[in-house]
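The report below is written for a reader who is meeting this structure for the first time.

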Amino acid sequence: MKVKINEDWLATIIAFVLLLLAMVNFIKPEWVKF
Amino acid sequence: MTTSTVKQEKAGGSGTVNFLVGLVIVVVLAFLARWFKGLVYGVEDLFGLGIPGKVLEFPLWAALLGLIANPILKGIKVFDYAKPGFRTELFLKIGLVLLGAGISFKVIVTAAAGAIVQGIIMVSSVYFFSWWLGGKFGLPDTLRAVMSTAVSICGVSAAIAAAGSVLAKKEEITYVTALVIVTALPLMVIAPLIAGAMNMPEPVAGAWFGGNVDTTAAVVGAGTIYGETAQKIASIVKQTQNVLIGVVAFLLALYFTTVVEGKKEKPSAAIIWQRFPKFVLGFIIASLIFTFGWLATDPSAAIKGMKDWAFCLAFVCMGLELEVAGFKKMGWAPVIVYLIVTIFNTLLALGISWLIFGWLFPANL
């Protein structure tokens, strides 16, 4: 079965992966300071 | 094979390489935007014009750099090659979900109550005014449908959804998309200036931007320029409005198949879910995680930084994606209609947002 992920789901998945990485302190605030 | 695939094959390169090249260009421009912002942010009086540097927030720099890079990349024949990496919507949606992780669910519920009332009034009034005016100017029904949906709901994605329902021509979508960006970019800068001159409270200003500026990226940009609370309220109001895309797409499909084409079979209501912006669910879940304190540590600084980066990439892409070549083909009548409707939209949203967010549903953050 071919699973097609649209842009909405892709954006949500990427955002949650980033959230998770920030939660476990893998992404440090100083790295992404804007 | 789609037109974009053909174009990409002409430009050469595999999809992934094209995407990566485009992404690198966008990231470099985003770094430049951040640098420009840092350069002027602390300046009290820019060029002796009485403009404080902090007014020139990063959305402005990012969109401006995108606009400058746009003809340069086209001139050196890199644009089509790198285009798969110019993903305004993707970066914007990532930023919006991350924004949700910094907003209490109570705020979303409070603001959404006002946003639903505002959304229903705004979408229906602006849609029918645009449809009526387009008729007076003799625009084709398909163009009227795409334009009315774009100007009343949320620009580009609404235009695409409506185009699918009414089987609009590709050039009509390109044309309306360009119109949306051409009007949204100046509004992104002018609306916060007007709000500032009127001493508008941030929740009211946010609701105004959300109801008035046509594309979600520019709404977030205007909110960011005005303040943090304005950014949050603007995002909630716009996303609430975006949820209506599916309903409008269904009603349009119903109208065009049964009334315009005279067919007996009716479109499926499943289109409402198909067109539902699913990232809004991500935004709500992220907010719930934040509200119930499920974040094990306090990653708020990192999340805020990533959110700003995602938005900055989206604003760069917005400038890059502007395409004005279609204007000559379609003539000026649709431009006049669009501008009149935008003025109507702006004034109506101003009154409605004051009434709803200043009085009926004040959002206390």
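Two residues are in contact if their C-beta atoms, placed from the backbone, lie within 7 Å. Among contacts in chain B between residues at least 6 apart in sequence, 80% link residues that are at least 24 apart.

This is a predicted model, in which local features need pLDDT of at least 70 and side-chain atom pairs count only at pLDDT 80 or more, while totals for chains, interfaces and linings use all residues. Residues are numbered from 1 along each chain as its sequence is written, and chains are lettered from A and ligands numbered from 1 in the order in which they are written.

**Whole chain**

Chain B has 18 helices and zero strands, where helices (H or I, at least four residues) and strands (E, at least two) are DSSP runs numbered from the N terminus. Further values for the chain are tabulated here.

| Property of chain B | Value |
|---|---|
| Span of the C-alpha trace along its principal axes | about 60 × 55 × 45 Å |
| Share of the 365 residues that is buried | 51% |

A residue counts as buried if 20 or more other C-beta atoms lie within 10 Å of its own, as exposed if 12 or fewer do, and as partly exposed in between, with C-beta atoms placed from the backbone.

**Domains**

The domain assignment, which is automatic or taken from a database, divides chain B into domain 1 (9-86) and domain 2 (94-360). The centres of domain 1 and domain 2 of chain B, taken over C-alpha atoms, are 23 Å apart, and their contact takes 19 residues from domain 1 and 17 residues from domain 2. On the domain 1 side, the elements that give two or more residues are α2 (15-41) and α3 (58-75) of chain B, and the largest share, eleven residues, comes from α3(B).

**Core**

A nonpolar core is a set of buried Ala, Val, Leu, Ile, Met, Phe, Trp, Tyr and Cys residues joined through C-beta atoms within 7 Å. The largest such core has 124 residues, and Ala159(B) and Val146(B) are among those with the most contacts inside it. Helix α16 (residues 300-320) of chain B gives this core its largest share, 14 residues. Ala159(B) touches Val146(B), and also residues including Ile173(B) and Val180(B), when residues up to four places away in sequence are not counted.

**A surface position**

Glu265(B) lies in the loop between α13 (245-260) and α14 (270-274) of chain B. Glu265(B) is exposed because 7 other C-beta atoms lie within 10 Å.
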